[in-house]
Amino acid sequence: MQFFTYLDSYIGIFNHFLLLGIMNDESMISQILKSVFFKSAKGKAGRYAKNSTRLFELIKDSVSKLQKVGFKGNLSEFQTNVQLLIRMVRAYASGEYRGLPWRSLISIVAVLIYFVSPIDLIPDFLPFIGVTDDVALVVWLVKSLSNDVQKFGDWEKQAKTINIG
């Protein structure tokens, strides 16, 4: 019974977005960040970030969801961005990369928790539109953390470079 109450709420929220024509990136991000779903993810993020085992479990869940959903075509950039966030968390959790500010790590972890959750602002079981909020949130985060992303990219390139001589 409670499931149908949630479903009605989700359908209502989505219809609200459609009817008011506010499905643009900025308003969607605002709705996601204010949602109980994201606030819950953010609340968990600190506990995850302090525990490497939990971070590795989150990485595993994120990879699994990427494979299960199979983002292709127009969503390949989204998949690339999620893979980048996963690499950042993995490097942090393994102790290889500590150049990531705590606040940025918490944001990344919160977004990945939100991403792997099947129940969020627009639930993933809704065909076609179920990942809209996930896509918007990941794209927003990568843009917001562009300096940290650039520093991590530079570190990755340096780590993969073999010094001869």
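**View 1. Helices α3 and α4 cross with their axes within 7 Å, at roughly 120 degrees.** Helix α3 covers residues 36-49; helices here are DSSP runs of H or I with at least four residues, numbered from the N terminus. Axes are lines fitted to C-alpha atoms over the stretch in contact, with angles running from 0 to 180 degrees between N-to-C directions. R47, Y48 and A49 of α3 meet R54, L55 and L58 of α4, where contact means heavy atoms within 4.5 Å. This is a predicted model, in which local features need pLDDT of at least 70 and side-chain atom pairs count only at pLDDT 80 or more. Residues are numbered from 1 along each chain, and side-chain values use heavy atoms, without hydrogens or water.

**View 2. S62 sits in helix α4 (residues 52-69).** Its relative accessibility is 0%, so S62 counts as buried (under 20% relative accessible area, 1.4 Å probe, protein chains only). Beyond neighbours within four places in sequence, S62 touches I86, L112, F115 and V116.

**View 3. D148, in helix α8 (residues 146-160), is our last stop.** Which side chain of opposite charge is nearest to buried D148? That is K151, 4.8 Å away, and D148 has no salt bridge (a side-chain nitrogen of Lys or Arg within 4 Å of a carboxyl oxygen of Asp or Glu). The D148 side chain does make a polar contact with the side chain of S104, at 2.4 Å (a pair of N or O atoms within 3.5 Å, one able to donate a hydrogen and the other to accept it). Setting aside neighbours within four places in sequence, D148 also has M88, Y97, L100 and P101 among its contacts.

Technical notes. Helices (H or I, at least four residues) and strands (E, at least two) are DSSP runs, numbered from the N terminus. Buried means under 20% relative accessible area, exposed over 50%, partly exposed in between (1.4 Å probe, protein chains only). Lys and Arg count as positive and Asp and Glu as negative; His and the chain ends are not counted.
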